[in-house]
Amino acid sequence: MNALAKTEPLLQIEGLTKHFHVRLGAFGEREAVVHALDDVSFDIMPGETLSVVGESGCGKSTAGFTILQLHRPTAGRIRYQGRNLAGLDEKALRPYRRELQIIFQDPYSTLNPRMTIGEAIAEPILFHKLAPKGEVKSRVERLLADVGLPVRFAMRYPHELSGGQRQRVAIARALACEPKFIVCDEAISALDVSIQAQIINLLLELQRKYGLTYLFIAHDLAVVRHISTRVAVMYLGRVAELAPRDRLFGSPLHPYTRALLSAVPEADPAYERKRQRQILQGDVPSPMAPPAGCRFHTRCPLATDRCRVEMPVWREASPGHHVACHLAEGGGE
Amino acid sequence: MAGEKPQEPLLNVRDLSIEVATRNGPARIVDGISLTVDKGETLGVVGESGCGKSLTMLSLLGLLPNKISVIGGSAIFKGRDLLAMPHRELRKVRGGEIGFVFQDPMTSLNPVVRIGQQVMEPLLYHRNMSRAEARKRAGELLKLVGIPGAEERLDNYPHELSGGMRQRVMIAIGLACDPALLIADEPTTALDVTIQAQIVDIVKELRAKLGMSIVWITHDLALIAGLVDRVVVLYAGTVVEDAPVDVLYENPAHPYTRGLLASIPRLKDEGAEKLSSIGGTPPEPGRRPAGCAFAPRCPIARAECERAAPALEPLKGGGPHRVACFAAGEIAEAVA
């Protein structure tokens, strides 16, 4: 981490845990605890794109929500500018809410259908008093230009826009707050391929222009390879591996990471026909009853007796490359 | 694999057009689609949302939603026109000779009926099996699609199964009556990559075992690369390119196909700085431009493209590679 270690992290996440209490059964007579996030720690460096990948239910979205205090954590700390966000009440959080923004998967359900695009983008500017009343209109126009939409779109309603255009509006709304950090929660997953590429390019361009830091939550590994600085792989509420992008894709240490990469299809017929895939058997176990020991052991092709009882520690296998696996102990390969 | 002799295709769709009734009058969603599926062939139908790929296949099964109707064309399956068939006859084909699997197994399975019963249904209806026979066959089918403990699972309800297992149940239902053709509409889109890989694997295995033809509808060019024999690319309700799979990925001749392939980020490659993307958005049905529907987004569009729509024609040298683009010949030469 030599180059990164010199700068202070923008966010430090320490031991972040989120349990949800749920009631089961027709009459809610049984109680259960969903271990959505268990003892997750990592730093987010200024200006980077840290991607979080994993299958549905692995806790990647919960991680994003909990960092932003949209869910209050069960335990753990989120350090931002020297403050622990988890310890702040709503009022004290408000200035931080402006700086820490989120873009969701489905912009249609996050935009108010009765507000014009212009009103929707102006709302955060007015709320946070980021510009005098007279300048709001020009600020909205600049934001529309930033996200590549014509100024006349300010008069339109969300239903008049295509999915890609609505996602541009959602990005403009986040930008209106002049944020430092944006969680992109599956922000491009619902878009068609040709549109997806447009939005990825836009996000990268805005990052350079405004020095933004992204937590990019996604399940498409090819997209993640394209845009990330570092990548964290989550499985059942825990981080299995975290490494700089090329390390993670080039020499993955965790068997789960390897299996995930092996499952991704390539747009190359000859390669696909020859390819020997390592296909994971079975499904992800329920987060209401996560397996003892290593959580991946029920599906791991390499699991040993030790994996079934002892939880692997989170350690740095090589500089900047973290992994939680007994078998990667020696540094892998 | 596509046979070389000009034998009758299993399914031959000609000039299919579909319209939706809107407040402003009818809008054309599918505009003269023609495609064929050979016996034992797996055809990929690719396109973005709204291109008409799902409606095309639903229309063959007589399953179009209200307000959407076929206004022309034919679909010859085993010598009979599916589009002209009386409902009672079509019902025998649907789920019998043509099986289908949809995107979301949670909404296609009945939540209050045990899965065994749902797998048995086509066997009882199409094959006149006794309940005992059908139940035995249902257990075999669940085993065939790789459901562990298949026989005990017969009495489960859909909510007791994971998404991947539910999709396997859908495949078992689709294959229950040994169909000649299986239509799969984005069957893995709602699933995680590791589960998607499982499903693709099981379909390949079943295809080798049972030899049915498959139409796999998808938006994901990477997913079908190793799965299909031929690909039909749709844009705004028309076929823009139709080619054997290797040809399509190596020498795509339509600017839209080329744009699509270029905008997919690849896992193998180092992340390039900027993804190439196709500007603009597809036209809405009813607001389609007069000429080529792709012209407004096309990087090489010229005057003639705005005047007339190009027909789907074989590339120079004939063969199975067909393209609907005035510049296709030039593109193919430049690439070769």
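Q: Before we start, what makes a residue count as buried here?
A: A residue is buried if 20 or more other C-beta atoms lie within 10 Å of its own. Please keep in mind that this is a predicted model.

Q: Then what percentage of chain A is buried?
A: Of the 333 residues in chain A, 47% are buried.

Q: And which secondary structure elements does chain A have?
A: Chain A contains 13 helices and twelve strands. Its radius of gyration is 21 Å, close to the 20 Å that the globule rule gives for 333 residues, so chain A is as compact as a globular protein of that length.

Q: What does the C-alpha trace of chain A span?
A: Along its principal axes the trace spans about 70 × 55 × 50 Å.

Q: What about contacts within chain A, how many link residues 24 or more positions apart?
A: Such pairs account for 64% of the contacts in chain A that have a separation of 6 or more.

Q: Switching to chain B, what is the order of the strands in its open sheet of eight?
A: The order is β6-β7-β8-β3-β9-β10-β12-β11, and the pairing is mixed. At the edges stand β6 (98–101) and β11 (313–314) of chain B, each with a single partner strand, so one side of each has no neighbour in the sheet.

Q: How do β10 and β12 of chain B run, parallel or antiparallel?
A: Strand β10 (residues 238–244) and strand β12 (residues 322–323) of chain B run antiparallel and are joined by two bridges. Within β12(B), B:R322 is the residue opposite B:D242.

Q: Which strands does helix α1 of chain B lie across?
A: Helix α1 (residues 53–60) of chain B lies across β3 (42–46), β7 (181–185), β8 (213–218) and β9 (230–235) of that chain. The helix runs at about 145° to β8(B).

Q: Which members of the largest nonpolar core touch the most others?
A: They are B:V119, B:A172, B:L181 and B:V215, in a core of 199 residues. Leaving aside neighbours within four places in sequence, B:A172 is in contact with B:V119, B:L141, B:L142, B:L144 and B:V145.

Q: Finally, how many residues of chain A are in contact with chain B?
A: 36 residues of chain A are in contact with 36 residues of chain B. On the chain A side, the elements giving two or more residues are α8 (193–210), α9 (221–227), α11 (255–263) and α12 (269–274).

Q: Which of these gives the largest share?
A: The largest share, seven residues, comes from α8(A). By type, the side of chain A that touches chain B divides into 18 nonpolar, eight polar and ten charged residues.

Notes
Residues numbered from 1 in each chain as written. Chains lettered and ligands numbered in written order. Predicted model: local features only at pLDDT ≥ 70, side-chain atom pairs only at ≥ 80, totals over all residues. Helix = DSSP H or I, 4+ residues; strand = E, 2+ residues; numbered from the N terminus. Rg over C-alpha atoms; globule rule 2.2 N^0.38 Å. Buried ≥ 20, exposed ≤ 12 C-beta atoms within 10 Å, placed from the backbone. Contact = placed C-beta atoms within 7 Å. Pairing = 2+ DSSP bridges. Axes fitted to C-alpha atoms, helices over the stretch in contact; angles between N-to-C directions. Nonpolar A, V, L, I, M, F, W, Y, C, P; charged D, E, K, R; others polar. Core = buried A, V, L, I, M, F, W, Y, C linked by C-beta atoms within 7 Å.
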